[in-house]
Amino acid sequence: MTQFPEHPLWDFSVAAYRKTGVAEACLDLQQAYGVDVNILLACVWSGLRGQSLDAIGINVLRTSVHEWHDEVVRPLRKIRKRMKKGLDAKAPDQLQLSLRAQLQKVEIDMEHAEQLRLAAFLDSAESDPASGGTVLAVANMALYLDSLGATSTPTTGEILQGIASASAAVFGSGNL
């Protein structure tokens, strides 16, 4: 079993992703705009802790994990999704299901490694805990979506607000 260094970004991301509606919202944004959910959650975490990201900061986040995400995480996800349907036009058998579960664990580990790269930048960035909150989290996420060329809509704004609000409950719970 791999031992990862502890970091509050990972703990936050896992807990926030489990909140009602967050996973679905993140995956919808991933499907619609090519969002890297790890970067999105890093934007939330940084905003809640008082870090206002600018275009340069978003670019640093994106470039720090781009190669890893494209060459490691996405291919693993593609294979895992493919295995869900079965490999020979039949429903997956027990062996395929077992292999898929193992692959999913590896994929999550690779995302954990990605988050540690994001955390390295965020740990070095300035923060003002007094200014942290959902408004800043939404602003950080919106800037990230803008960097992807996503069109801002009222619906997108509601989705970002929902993610930030649910995540704030985790952030403020002290259970990280």
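A disulfide here is a pair of cysteine sulfur atoms within 2.5 Å. Keep that cut-off handy for the first close-up of this predicted model.

View 1. Cys26 is in no disulfide, and its nearest cysteine sulfur belongs to Cys43, 11 Å away. Look from the other end: the closest cysteine sulfur to that of Cys43 is the one in Cys26, and 11 Å is too far for a bond, because the pair would have to be within 2.5 Å. Cys26 has 0% relative accessibility, so Cys26 counts as buried. Cys43 also counts as buried, with 0% relative accessibility.

View 2. Find Leu40 in helix α3, which covers residues 37-48. Is Leu40 buried or exposed? Its relative accessibility is 0%, so Leu40 counts as buried. Leaving aside residues up to four places away in sequence, Leu40 touches Cys26, Leu29, Val35, Met141, Tyr144, Leu145 and Ile163. Now look for Thr20: Leu40 and Thr20 are 20 residues apart in sequence, and their C-alpha atoms are 17 Å apart in space.

**View 3. Helix α1 crosses helix α7.** Here you see α1 (residues 8-17) and α7 (residues 154-171), whose axes come within 9 Å and cross at roughly 125 degrees. That angle is why α1 counts as oblique to α7. The crossing of these two helices, α1 and α7, is right-handed. At the contact, Phe12, Ala15 and Ala16 from α1 meet Ser167, Val170 and Phe171 from α7. Sort the residues of this contact between α1 and α7 and you get five nonpolar, one polar and no charged.

Note on methods: Residues numbered from 1 in each chain as written. Predicted model: local features only at pLDDT ≥ 70, side-chain atom pairs only at ≥ 80, totals over all residues. Heavy atoms only, no water. Helix = DSSP H or I, 4+ residues; strand = E, 2+ residues; numbered from the N terminus. Buried < 20%, exposed > 50% of the residue type's maximum accessible area, 1.4 Å probe, protein only. Contact = heavy atoms within 4.5 Å. Axes fitted to C-alpha atoms, helices over the stretch in contact; angles between N-to-C directions. Parallel < 35°, antiparallel > 145°, perpendicular 65-115°, else oblique. Left-handed = near helix turned anticlockwise from the far one by under 90°. Nonpolar A, V, L, I, M, F, W, Y, C, P; charged D, E, K, R; others polar.
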